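Me: I have a structure open and have not looked at it before. Can you walk me through it?

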Amino acid sequence: MTWFSSPTDAADRLGATGYLTDAATATTTYLAGALEKPLLIEGPAGVGKTELAKAVARANGAELVRLQCYEGLDEARALYEWNYKKQLLRIQASQGTDASWDETHDDIFTDEFLLTRPLLTAIRREEPTVLLIDEVDKTDVEVEGLLLEVLSDFQVTIPEMGTVAAVRRPFVVLTSNATRELSEAVKRRCLYLHLDYPDSEREREIVVSQVPGLEEAVATQLVAMVARLRELELKKAPSIAESVDWARTLIALEISDLDDAAVNATLGVVLKHVSDQERAVKELRLDRAGR
Amino acid sequence: MSIPDDASPHPPGARSGLLDRHISFLEALRAAGLPVSLAEDLDAVAVLTALPWDDRAVVREGYAAAVVKRHAQRATFDALFDLYFPRLVGDGSTRLDGGEGPDGPDGSDSPDSSTQDADERPVVPGSRDNAEALRDFRERLEAAMAAGDEEQLARLAAEAVGRFGAMPGRGPGLSSWSAYTALQRVAPGEIVERLVQGLLAEGRGEEEAQRAAGQRVGDFTRRVEADARRRIGEEKGADHVARTALRPTIDRLDFLQMRRSDLEQMRREIYPLARRLATRLTQEHHAQRRGPLDFRRTVRASVSTGGVPLTTHHKPKRPHRSELVVLCDVSGSVANFAQFTLLLVFALREQFTKVRAFTFIDHIHEVTHHFKPGADVVDVMADLAASASHAALWGRTNYGRAIDKFAEQHADAIGPRTSLLVLGDARSNYSDLALDTLADLAGQCRHAWWLNPEHRRHWDTGDSAASRYAEVVPMVECRNLTQLSELVHDLL
């Protein structure tokens with residue numbers, strides 16, 4: 001199946017599901033589908049990396065299989081595992097009967113005792129699948145080795161059962177906050193996209209589409225303010241997710257004009273370090289005393 | 001021509017010059033430090049065949065997705081892409097007069113940019129540099145900068161080089177283009193003041209307006225430089241320019257050769273870098289952390305599997321952490337280096353039990369208290385700069401005296417669990433080096449390192465006492481962010 005027919009098609013259909021793209025994102029997403037290559041997305045937290053995978057799934061009516069990576073993730077959690085307890089039960093149950101060991105042995109390494117984890121699940125599915133490998137930089141280096149076979153050949157080797165090859169190649173998205181440099185081997189197999197904060201026009205569209213009931217004027221003010229905050233040297237610059245949160249806060253508080261007092265009162269929604277807030281107050285000359 | 005022969009369902013036209021250009025483009029990327037493998041080469045070709053070619057931005061993004069795998073390298077990629085697949089050829093206007101014809105060596109020049117050229121630039125191609133043209137140009141530039149109109153700025157940059165940066169040569173092929181001359185004539189710096197006024201009127205803060213205006217002028221400068229590169233590349237060949245006129249990426253840029261704009265960019269890099277380092281360290285420590293078998297937990301866990309110990313449990317190892325003492329030369333020549341290293345070390349504070357930092361020129365001064373947890377980078381940098389004055393009594397770098405003073409006043413900082421880090425270029429104005437004192441100090445602590453921001457070939461030239469200090473304390477070259485992060489990693 002083809003995922004998208006052209007970059008423009010990708011932009012349109014992702015847009016229809018509520019994910020607004022720019023040229024780079026649309027082009028790369030289209031290419032990942034057309035070339036059937038995994039897509040590695042890097043960028044700061046909260047710019048919509050995971051969201052893109054979900055949007056691709058929505059746009060194509062595909063199932064999303066998600067592997068959330070974390071420190072200490074291993075083969076058993078990512079690929080497959082044998083259900084030891086059930087196997088033990090099976091062996092114990094067979095002791096009373098006169099089944100030979102060989103029969104039992106063949107019996108306990110079958111599908112029935114296999115616990116499939118996200119990677120294997122995604123490969124075995126026959127329907128369209130989006131495989132999301134989230135925060136891949138959080139894993140140990142060994143897991144990358146495990147990913148290589150899946151990413152380049154779309155197959156998994158289970159020693160007792162043989163090789164399981166993908167019936168239908170999933171659309172693979174890897175996301176990373178770049179806290180660790182991924183190995184060259186993984187990068188070589190992927191297309192690469194760096195997602196950054198959007199320009200103000202696109203951000204305004206995103207905020208308006210995500211938060212119904214937000215007035216255009218306030219949205220413009222809000223996006224301009226967020227852009228100014230990002231220009232400051234902050235520890236954690238506000239992300240799109242935080243702009244959206246901010247917009248929701250304004251709606252909840254029924255603030256219809258984002259003046260200094262309003263910014264001051266709600267700054268905690270966007271800036272989450274004390275030093276960042278102090279810097280913003282100082283640079284933007286907000287009057288903290290009025291608080 | 002031999003490589004992608006078997007890999008190409010090329011469109012018919014691609015065999016002509018595009019493949020050669022593609023390959024020399026990749027070679028230029030490799031020469032600039034991007035590890036582009038053959039696999040990525042083939043991907044790029046596949047990408048080009050899968051994409052429509054009517055939009056230059058799409059082609060560029062597709063190319064980038066296949067060959068750039070690290071965001072820091074994107075700037076280099078963009079510069080080279082502009083060089084090998086230029087946005088327009090020459091002035092971009094001659095073609096319009098001379099009718100439609102296949103343009104550009106690669107044909108990737110987008111039709112929309114040329115049509116916009118047509119209606120936005122009613123300039124007669126022959127018009128040259130004169131005072132009136134300059135005034136007119138500045139007005140348009142100011143308007144475009146105030147509006148932040150990217151398209152228009154790109155056109156103006158090309159126009160600036162074409163009109164004001166031409167250096168006619170004596171014969172064909174000898175003429176050239178100079179971004180420097182163009183910028184001298186246009187002097188975008190003078191526009192800053194008026195830009196700032198405009199931004200202030202929009203309700204921005206003073207400091208912020210200054211920064212925003214500076215940034216826009218900086219962007220324009222970069223565009224002009226890129227356009228000059230493009231034109232020179234057109235005449236002398238892109239390979240020539242790629243070899244000679246590209247700056248390295250920020251993580252490979254020497255500390256001692258930084259411009260102001262680089263410094264700002266570096267400052268933004270410091271926290272992410274520290275975070276990356278810290279994550280890597282924690283992970284590595286975790287990997288080694290499996291201690292001896294915890295028999296009791298293992299047996300208890302085996303109950304649910306009928307006494308078969310399927311999973312083993314281990315006792316955690318106690319983490320061991322060291323103390324760090326940093327001695328930092330803050331004299332003018334190495335100040336940037338010192339500040340970055342101090343910032344990085346302090347961003348990694350949690351990795352050590354205790355960090356103490358001292359700055360010196362000829363007198364020692366403790367600066368640990370500036371690095372409060374959660375302190376603001378900008379403030380810390382300002383404080384550090386201010387405290388440099390405390391570090392100088394006489395004003396000339398004197399390593400010997402500083403080391404003696406340190407041993408005298410702060411000997412308590414050094415202990416058997418301490419790592420000592422000396423930062424400096426070891427240029428001591430031919431004064432006494434206090435080698436014995438330093439050897440004493442180094443002997444008392446667990447490790448001692450000396451980081452020298454100068455290239456190894458400059459050591460021992462002039463008043464540098466690098467190798468004499470290196471005999472006492474192992475000295476390593478540390479010229480850019482990459483080397484610095486490697487060192488800090490090894491240190492822990």
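Reply: What follows goes through the chains, the contact between them and some salt bridges. The model is predicted.

Me: How many helices and strands in chain B?
Reply: Chain B has 20 helices and ten strands. Of its 492 residues, 48% are buried.

Me: And chain A, what are its domains?
Reply: For chain A the assignment gives domain 1 (7–74 + 116–194) and domain 2 (200–283). Their C-alpha centres lie 31 Å apart. Seven residues from domain 1 of chain A and nine residues from domain 2 of chain A make the contact.

Me: How much area is buried between those two?
Reply: About 550 Å², with carbon and sulfur atoms giving 52% of that. On the domain 1 side of chain A, the residues losing the most area are A:Leu20, A:Ala45 and A:Gly46, together 65% of what that side buries.

Me: Which side chains form the salt bridge there?
Reply: The count between domain 1 and domain 2 of chain A is one salt bridge. A:Arg202 and A:Asp22 meet in a salt bridge at 3.7 Å, N to O.

Me: Now the two chains together. How many residues are in contact?
Reply: 41 residues of chain A are in contact with 45 residues of chain B. The two chains bury about 3,800 Å² between them, 51% of it on carbon and sulfur atoms. A:Tyr192, A:Glu231 and A:Glu233 supply 18% of the area that chain A buries against chain B, more than any other three residues.

Me: What about polar contacts and salt bridges across it?
Reply: There are two salt bridges between chain A and chain B. One pairs A:Lys37 with B:Asp43 at 2.8 Å, N to O. Eight residue pairs are in polar contact across the interface.

Me: Which element of chain A gives the most to that side?
Reply: H2(A), with seven residues. By class, the side of chain A that touches chain B has 14 nonpolar, seven polar and 20 charged residues.

Me: Different topic. How many salt bridges over all chains?
Reply: The count comes to 31. One of them joins B:Arg56 and B:Asp82, with the closest N and O atoms 3.0 Å apart. B:Arg56 is in helix H3 (residues 56–67) of chain B and B:Asp82 in helix H4 (residues 74–84) of chain B, so the pair ties together parts 26 residues apart in sequence.

Me: Is B:Arg56 buried or exposed?
Reply: Buried, at a relative accessible area of 9%. B:Asp82 is partly exposed, at 23%.

Me: What else is in that network?
Reply: The salt bridges link B:Arg56, B:Arg60, B:Glu61, B:Arg74, B:Asp78 and B:Asp82. B:Arg74 and B:Asp78 meet at 3.1 Å, N to O. These two are four residues apart in helix H4 of chain B, so about one helical turn separates them.

Me: And B:Asp463, what does it pair with?
Reply: B:Asp463 forms a salt bridge with B:Arg427, the closest N and O atoms being 3.1 Å apart. They lie in loops of chain B, and the pair ties together parts that are 36 residues apart in sequence. B:Asp463 is buried at 18% relative accessibility, and B:Arg427 is also buried at 18%.

Note on methods: Residues numbered from 1 in each chain as written. Chains lettered and ligands numbered in written order. Predicted model: local features only at pLDDT ≥ 70, side-chain atom pairs only at ≥ 80, totals over all residues. Heavy atoms only, no water. Contact = heavy atoms within 4.5 Å. Buried area = accessible area lost by both parts, 1.4 Å probe. Salt bridge = Lys/Arg side-chain N within 4 Å of Asp/Glu carboxyl O. Polar contact = N/O pair within 3.5 Å; in protein donor to acceptor, adjacent residues only side chain to side chain. Nonpolar A, V, L, I, M, F, W, Y, C, P; charged D, E, K, R; others polar. Domains from an automatic or database assignment. Buried < 20%, exposed > 50% of the residue type's maximum accessible area, 1.4 Å probe, protein only.
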